[in-house]
Amino acid sequence: MAVLFVALLWMLRTCAYRYRWLFGGTVSLFLLVLGSTVTQIQWDKIHCDWSSEKKVYRGVVQETPVEKEKVMVCKVKTEDRQVLLSVYKDSLSQTLQSGDNILFYGKIRSPHNAGNPYEFDYASYLLRKQISGTAYVYAGYWRVMDKPRVLSIKQQALACRDKIVGCYRQWGFKGEEFAVLSALTVGYKEELSDELRESYSVAGISHVLALSGLHVGILWFLLGYMLRPFCRNRAMRILKWIVVTLLLWSFAFVAGLMPSVVRAVIMCMLVELGTLGGKRGKPLNILAIAAFSMLLYSPFYLFDVSFQLSFMAVLAISLCYKEFYRIRFIRNRFLRYIWGTTIVSVVAQLGTAPLVMYYFSGFSLYFLLANLLVAPLIPVIIYLALLAFVFAPVAELHHCILFMLEEVIKCLNWGTWTISRLPSAFIDSLYLSSLEVCLLYAFFMLGLYYCCLLYTSPSPRDTR
């Protein structure tokens with residue numbers, strides 16, 4: 001890396017333009033070595049040869065434990081490694097919190113699969129989540145130490161999210177309304193039932209339950225509208241960029257710093273930064289910078305399903321939206337909005353369809369109907385949730401906002417349930433290999449190239 005860096009500095013000063021290919025190749029090689037080095041460093045932090053016998057370990061609970069049928073599952077950091085600890089569920093284990101220092105006695109094993117044919121590769125999944133081992137601890141073989149809790153930034157973010165979820169409970173939300181509200185606003189999905197997840201998945205709008213660029217974009221649009229007066233001069237635009245950046249990162253912090261939210265915030269921040277000089281950056285360059293920054297921090301993001309779906313959706317929209325949008329010009333403003341929304345939904349689904357079929361073995365046929373009829377309720381829910389916090393001190397107005405918020409969520413759930421029950425709403429048993437996914441994306445790129453040639457080439461009338 002040092003040799004390549006020195007070579008880059010030398011070429012910047014001495015090489016002529018005709019040798020630009022040499023500079024580009026050296027940059028690519030430098031980034032390849034950098035990525036390989038970072039990946040190896042991260043892997044060394046995960047890989048561990050655990051003892052074959054039971055031992056006493058000291059650890060810190062990293063996230064709020066998840067309650068299962070018989071155990072409390074919590075992520076614990078011990079010996080500079082993260083371990084998925086299953087603690088026998090009782091009244092004591094249910095009091096575990098993020099940041100607790102615990103002492104436990106057990107046997108930690110590296111992630112492994114059951115060995116059944118065609119089973120889910122659970123071991124690789126845990127390793128990509130930076131989980132080095134798993135352990136089961138019985139009651140009486142662990143205890144919380146008296147050492148004070150010390151929360152990391154990620155733990156503080158999750159604690160802040162739990163407080164907001166607690167506010168929803170205090171306001172009287174429960175059942176499906178509480179689960180959807182928590183998922184849409186702060187990414188808390190533990191309360192989502194299997195039936196509710198299936199309805200959203202079959203309807204083709206399961207992406208709204210996972211915080212992503214859609215939610216960040218809604219908040220960004222609101223901030224841009226409210227701070228429109230700050231665009232008069234350069235100093236005001238700088239102040240606007242600072243305010244928008246701080247608020248968007250605050251939202252990402254409350255959402256637990258999820259990869260999809262971090263990606264969207266980085267992109268919005270870069271777009272706002274480009275407007276300071278009166279220019280708009282190219283979407284592909286901004287997307288590449290966001291991906292590079294996140295992968296430099298953690299290369300294992302590349303194997304995260306939400307990361308892949310999020311980036312492929314944005315990549316498809318960046319490449320194809322203009323080409324599809326200009327197929328037909330619509331003068332009516334409302335119809336033009338419907339046309340634009342339709343194009344975004346279709347392009348995003350096309351961009352993620354091969355990955356959806358690869359990971360979930362199915363595809364929704366009514367995704368366009370759901371995105372046109374149901375998805376427009378998402379901004380309404382997010383804005384009402386923000387108003388509920390703003391007007392919390394005003395009792396009567398607060399109750400009115402909560403009533404409207406609950407009714408809108410009921411409409412969202414009812415619309416999703418209705419669409420998911422339509423005949424042939426979902427095609428299942430679609431099993432694709434990695435090669436078939438690549439072929440589908442190649443076919444998609446060829447189709448896009450053909451559309452570009454078709455609509456950019458002059459017609460015979462224009463030639464005459």
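User: Why is W414 called exposed?

Analyst: W414 has a relative accessibility of 59%, and exposed means over 50%, while buried means under 20% and partly exposed lies in between (1.4 Å probe, protein chains only), so W414 counts as exposed. This is a predicted model, in which local features need pLDDT of at least 70 and side-chain atom pairs count only at pLDDT 80 or more, while totals for chains, interfaces and linings use all residues. Residues are numbered from 1 along each chain as its sequence is written, and side-chain values use heavy atoms, with hydrogens and water left out.

User: Where does W414 lie?

Analyst: W414 belongs to helix α15, residues 395-420, where a helix is a DSSP run (H or I, at least four residues) numbered from the N terminus. The C-alpha atom of W414 is separated by 9.8 Å from that of S199, although the two residues are 215 apart along the chain.

User: What makes a set of residues a nonpolar core, and which residues have the most contacts inside the largest one?

Analyst: A nonpolar core is a set of buried Ala, Val, Leu, Ile, Met, Phe, Trp, Tyr and Cys residues joined through side-chain atoms within 4.5 Å. The largest has 36 residues, and L181, Y200, I381, L405 and L412 have the most contacts inside it. The elements giving two or more residues to this core are α4, α5, α6, α14 and α15.

User: Which residues does I381 contact, leaving aside neighbours within four places in sequence?

Analyst: I381 is in contact with L181, L184, L405, V408, I409 and L412, where contact means heavy atoms within 4.5 Å.
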